[in-house]
Amino acid sequence: MRRGIREYSLWAIGELLIVAGALIPVLWIISLSLKTPATVADQSFIPQEWSLENYETLFEGGIDDSPFIKPLINSIGIALITTVISIVLAALAAYAIARLDFPGKTLILAGTLAIAIFPQISTVGPLFDMWRTLGLYDTWPGLIIPYLTFSLPLAIYVLVAFFREIPWDLEQAAEVDGATPFQAFRKVIVPLAAPGVFTAAILVFIFAWNDFLFAISLTSSDASRTVPAALAFFTGESQFTEPTGSTAAAAVIVTIPIIVFVLLFQRQIVSGLTSGAVKE
Amino acid sequence: MSEIVLDEVTKRFPDGTEAVKKMSLDIPDGDFVILVGPSGCGKSTALRMIAGLEDVTEGELKIGDRVVNDLAPKDRDIAMVFQNYALYPHMTVRENMAFPLKLAHVDGAEIEKKVNEAAKTLDLTEHLDRKPRALSGGQRQRVAMGRAIVRDPQAFLMDEPLSNLDAKLRVQMRTEVARIQARLGTTTVYVTHDQTEAMTLGDWVAVMRAGVVQQVGRPTELYNHPTNLFVAGFIGSPAMNFAPGTLSGSKVKTPFGELPVPDGVKAGAGEGERDVIVGIRPEHFEYAQLVDSEAREHGATFKAKLDLVESLGAEYYTYFHLEGTRVDSEHLSEVAADAGLGEIPSAKAGDVSMVARLDEMSEIEEGQEVELSLDTRRIHMFDPESGDNLAGTPSGDGAGPGAAKAAEKPVGRSSGEAPAEESSS
Amino acid sequence: MTSRTRSERRLGWMLCAPAVIAMLLVTAYPIAYAVVLSFQDLDLRFPEEGGFVGFDNYASVLSSSLWWTDLFNTLFITVISVSVELVLGMAIALVMYRAIFGRAVVRAAVLIPYGVITVVAALSWQFAFDPATGFVNNLPLIDDDKAWFGERFSSLAVIIMAEVWKTTPFMALLLLAGLTTIDEGLYEAAKVDGANAVQRFFRITLPLMKPAILVALLFRTLDGFRVFDTIFIMTRGAQDTESVSILGYNQLISRLNLGLGSAVSVLIFICVLLIAFIFIRGFGARTQDGRVA
């Protein structure tokens, strides 16, 4: 092969740079979380002294007093519920858009796109006011509802793209072969649609998990404050210690599982993110 | 001089498959050479090696007098026409054709002149400012040719340029391509899987199979003197008929009856009996009653029940089968597979159908049993194992690809036997 | 119209209804409400005062230098981030498309920033550049005492770096999708026509990627304009690094001045519309299906 060492090493260097660039901030925050409070300011990339103290501090005080457990539960619960509801609503709409013909279809799709670019800040004020009046301020539904709104465009977009790829005549073939419409749907369509639904679910979950603006605007206490919001207001052990260590530990706890998840399902995520964006 | 020389050129892929095996070919300056063969025979790979789009694993490749193995495509002074044309969609026809000249820093006025000239030759002048997506298939094909012509290269390389056109257009464009090449006199290497194109277009035709050149020669040579079973079965449409036979002395026993052995067949007379495969082209059958007395000397008659009769106006194609005509040969199975015959159930079971081309005056009807005659001077005989034609080396006219080697071995590099170790295919 | 078509239509609407309602509920209604609020003097700390004040709020905002500073910051951050992301994203996309080995590793690595919460990314970058705890100041060629967050433009620089890190993956993926639509044969034809790698990139790849690049730019610019999380975490807007979204948040949630805050919100909305308009009409950005007119 004419491919010289030179070509291989150039690619290797380029790829190394990219991988390093992607990993360094993550490694850094892990490193910080493992530093002892004494050495947290030692300015070195790798911890000179290791300890799991920061992690212990997070869970001190049990479910009620720990600065972290409640927000973690809030995040998980709210993200899961948002995902489930969002996927159901989006799947219904996507099924209609991909399969049926009705006036207003294009309008709905255009509207979906419009919402995707909508500045969330513009809704914060009214929502704040409305939720206080309705008693939804600082509650789980108070966050779930806006999350639904802003994740639906993403979910619908992805699901429509996936559903368009399903050969719907398989359903008819199954019925000709003797299946009832419901059986045909269950045994033929559902397995084909499953990957798309799964992908959309992942994307919605990450979206809800990631939100910050609504979390800090529409919550005020542990009742519904999620992790990103909690992180912003972390204090250390006392008023005088920098919360760097425990903040880093909290950050690691919410990040590593997601990264593992993302790596496990990369193919689905990539296809979901680029679906419909440029297709041929 | 812009002749192209391949000297034992081999292409081996990283996984071990050899797409081209020790191919040697001398293409004289200005000649039109066709590489033909079934899918996967290595013809496109060979072309791409000449172009520089594939590396040459072993062997030497020369264009003009330069060894070009390590030269990039752009330094080889060749132009290529791709199967799907590869026209730049974002450029107009004019810009497409001007692109290579611009890259070569040719002066603007000169570019203008060359593009207009090429456009005129190809009847594209009114389309110069349109984009490819606004053109028909035939027009796009001409733009692809135009892009090659403007460069006035040492050689044209064409990779199945007509296969994406519909049948009628293909026939039209075929003559266009021939005309342009004759006018420009540029050395041309043309790849196709259509043996009709090969026969009508080329000065020389090289038949390839599984990476090995089977035979190189003029179209008529390949037709009348195929060196092996594969070439015999591949060239000619409808294909040659094959039947098993037993050769002893100067006679061969066939399902048609006992036939005299034609002159020139190295039968190894007196060596007892030997199995052979007999081949006869459809046009060498005749309706027995139409055969005149002179021809009757060389004719052998036999009776056959006609399964199907197709009238083509000027002649008939008729299909019949005889007992014991089934031939099992791996040399032929590849030809059959390429023709799609493997897919037709009737073609696989039992006896094989034979085809005859009969004169329009023949009084024949489907289902009839008729008497047919075949010209015994025109039968071919092949060794069932090696596939080699028992008639020995054809007499070429001494010129052309691989002619220099004709003295010691068959023209080009033809080996009728399948390579000892078949690489995974 | 057959009854079949009619029932198909009805089914279509019914299936879409829940999603549509959910979306409109939190967007159409609030924005209308925000417009209404913006015309009022409504400070929740002094709820007794207040009433219709017409365009006064808008006048206050547009004449305040803070708004213009913030607008500048927002545009500054957006333009620079998006430009950097475009170049980096293109490079990464090319690596993911063309590398002769290791493509899967690169793809995996590139997805990591996507999985990291923006707040976490901001914290990580902040801690890295913090003079007390960070490792950046320890690096050669960098002043040990540099107070990155003490000055406006160095703060903006770190903010931009964090934003670029977080969102380049998405850009790279969009561009990669665009790359895959280009017929390989075109590159071969160009090679034969005499183009080297650089020429092939600028004359074949880039022109054919124009639609994908425009879509990517459109989405990223609109996204970038809404920058909030990173700035909030790193500086909370200090050193004149506020963005318009932070301004809105401060007015609405911190100062509970719903009137002014809503005016800011509406102005932000108008800016976003303007940007979208410029891209679509001006540059001709189109998504698949020509959904964007």
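**Local geometry, salt bridges and chain contacts**

Ala210(B) is partly exposed, with a relative accessibility of 26%, where buried means under 20% relative accessible area, exposed over 50% and partly exposed in between (1.4 Å probe, protein chains only). The model is predicted, so local features need pLDDT of at least 70 and side-chain atom pairs count only at pLDDT 80 or more, while totals for chains, interfaces and linings use all residues. Residues are numbered from 1 along each chain as its sequence is written, chains are lettered from A and ligands numbered from 1 in the order in which they are written, and side-chain values use heavy atoms, with hydrogens and water left out.

Ala210(B) has a positive phi, near 50°, although the residue is not a glycine. Its place is the loop between strand 9 (204–209) and strand 10 (212–217) of chain B; helices (H or I, at least four residues) and strands (E, at least two) are DSSP runs numbered from the N terminus. Glu160(B), likewise not a glycine, has a positive phi of about 45°. Glu160(B) is located in the loop between strand 7 (155–159) and helix 5 (167–184) of chain B, and its relative accessible area of 9% makes it buried. A cis peptide bond, with omega near 0°, runs from Ser237(B) to Pro238(B). Pro238(B) belongs to the loop between helix 8 (229–234) and strand 11 (241–248) of chain B.

Chain B contains 11 helices and 20 strands. Of its 425 residues, 50% are buried. Among contacts in chain B with a separation of 6 or more, 73% are between residues 24 or more positions apart, a contact being heavy atoms within 4.5 Å. Chain B exposes about 18,900 Å², of which 47% is supplied by carbon and sulfur atoms; accessible areas come from the Shrake-Rupley method with a 1.4 Å probe, and for residues only the protein chains shown count as cover.

Helix 1 (residues 43–51) of chain B is mostly covered, eight of its nine residues being buried. The buried residues include Lys43(B), Leu47(B), Arg48(B) and Ile50(B). Gly52(B), with a positive phi near 100°, follows this helix.

Side chains of opposite charge can pair when their charged atoms come close. With a salt bridge taken as a side-chain nitrogen of Lys or Arg within 4 Å of a carboxyl oxygen of Asp or Glu, the count over all chains is 18. One of these is formed by Glu188(C) and Arg48(B), at 2.6 Å from N to O. Glu188(C) is in helix 8 (residues 184–193) of chain C and Arg48(B) in helix 1 of chain B, so this pair joins two chains. Glu188(C) is buried at a relative accessible area of 18%, and Arg48(B) is buried at 18%. Both residues are part of a salt-bridge network that links Lys11(B), Arg48(B), Glu54(B) and Glu188(C).

Within chain B, Glu283(B) and Arg357(B) form a salt bridge of 3.7 Å, N to O. This pair links distant parts of the chain, 74 residues apart: Glu283(B) is in the loop between strand 14 (273–280) and strand 15 (285–287), and Arg357(B) is in strand 18 (residues 354–359). Arg357(B) also forms a salt bridge with Glu315(B), with 3.3 Å between the closest N and O atoms. Here too the pair links distant parts of the chain, as Glu315(B) is in strand 17 (residues 315–320), 42 residues apart from Arg357(B). Partly exposed positions are held by Glu283(B) at 25%, Arg357(B) at 25% and Glu315(B) at 21%.

Between chain A and chain C, 95 residues of chain A are in contact with 90 residues of chain C. The size of an interface is often given as the accessible area lost when the parts come together. For chain A and chain C the buried area (accessible area, 1.4 Å probe, lost by two parts on being put together, summed over both) is about 8,400 Å², and carbon and sulfur atoms give 76% of this area. Helix 1 (residues 5–34) of chain A provides the largest share of the side of chain A that touches chain C, namely 16 residues. The count of salt bridges between chain A and chain C is zero.

Thr149(A), in helix 7 (residues 140–164) of chain A, is buried at 0% relative accessibility. Beyond neighbours within four places in sequence, its contacts are Ile115(A), Ala22(C), Met23(C), Val26(C) and Thr27(C). Leu127(A), in helix 6 (residues 121–134) of chain A, is also buried, at 0%.
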